[in-house]
Amino acid sequence: MATHSDLAEDGAIEIIIIKTTGDKILNQPLADIGGKGLFTKEIDEALLEGKIDIAVHSMKDVPTYFPDGMILPCNLPREDVRDAFICLTAKSLSELPAGSFVGSASLRRQSQILYRYPSLKVVNFRGNVQTRLKKLKEGEVQATLLALAGLKRLKMMENVTAVLSVEEMLPAIAQGAIGIACRSNDEKMANYISLLNHEETRLAVACERAFLETLDGSCRTPIAGYAYRDNDGYCVFRGLVASPDGTRVLETSRKGAYALEDMVSIGKDAGKELLSRAGPGFFDW
């Protein structure tokens, strides 16, 4: 509305709330329901059927391929990519006593926690932010990790015990980035949303997603990756794959020009390196 005065009029925009499979099924790990597109499928279907004109996604949830007839030309400026540690009894993961239960539905977080703190126990923990905080307060677990981006957007930062550095907990691919999609034949909508695009974020997300796609990542595989522009204007990328139990973690990093082609190549190259280092069978559990 701020960018397009014609959309600032009353009734020019209607927000349609769509509940997805991932929102509805909260008693099973995501990997068991069936990995990809759990938070996007119903929204994309509504878009392609013409029920909505644009679709707003958390890029973390968007599969590496788009349905035919859909484009995603816009990423909003990225929010903080880090994870928050939330606990009522300890100030950090390292202070948790051996045998403590940490709640997390994310294999990425689970594997990195167990890699660094093998004495902790990680249990599956689904639900929205409010539900997870309630479970924590009721003592179901001693601690949990949540994306800082979500807590900031929900204005719930008072719950954060500590912020984990990207060195301690490498973020999910595209964490903190929002993407806006439209139909590929809808020039009007493409024009509306292209003016909202934040190019630095779009390129970082493209780099990370190229890494993910090369690894053919799904919710069954602990994968983490983060691309950013350093002080000299270069792209710096760090990527990681792990076994869910945290016994094996493979990491790599790259540096190159902050341009789309270079960054997609960086992501793919890093993915190929980790595939070859992991060897056959690493991704089969």
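In this predicted model, Lys-152 and Glu-79 form a salt bridge whose closest N and O atoms are 3.7 Å apart. Lys-152 belongs to helix H6 (residues 148–153), while Glu-79 sits in the loop between strand S2 (70–75) and strand S3 (83–87), so the pair ties together parts that are 73 residues apart in sequence. Lys-152 is partly exposed, at 32% relative accessibility, and Glu-79 is also partly exposed, with a relative accessible area of 25%.

In general, side chains of opposite charge can pair when their charged atoms come close. The structure holds 18 salt bridges, and the table presents examples.

| Salt bridge | Closest N and O atoms |
|---|---|
| Lys-152 with Glu-79 | 3.7 Å |
| Glu-138 with Lys-134 | 3.3 Å |
| Asp-186 with Arg-183 | 3.5 Å |

The surroundings of these pairs may be described in turn. Glu-138 and Lys-134 are both exposed, whereas Asp-186 and Arg-183 are both buried. Salt bridges that share partners also join Glu-79, Asp-80, Arg-82 and Lys-152 into one network.

The cysteines are considered next. A disulfide is a covalent bond between the sulfur atoms of two cysteines. The structure holds zero disulfides. For Cys-182, the closest cysteine sulfur is that of Cys-74, at 9.4 Å, which is too far for a bond; the cut-off for a disulfide is a pair of sulfur atoms within 2.5 Å. Cys-182 is buried, at 0% relative accessibility. Cys-87 is likewise buried, with a relative accessible area of 8%.

Note on methods:
Residues are numbered from 1 along each chain as its sequence is written. This is a predicted model: local features need pLDDT of at least 70, side-chain atom pairs count only at pLDDT 80 or more; totals for chains, interfaces and linings use all residues. Side-chain values use heavy atoms; hydrogens and water are left out. Buried means under 20% relative accessible area, exposed over 50%, partly exposed in between (1.4 Å probe, protein chains only). A salt bridge is a side-chain nitrogen of Lys or Arg within 4 Å of a carboxyl oxygen of Asp or Glu. Helices (H or I, at least four residues) and strands (E, at least two) are DSSP runs, numbered from the N terminus.
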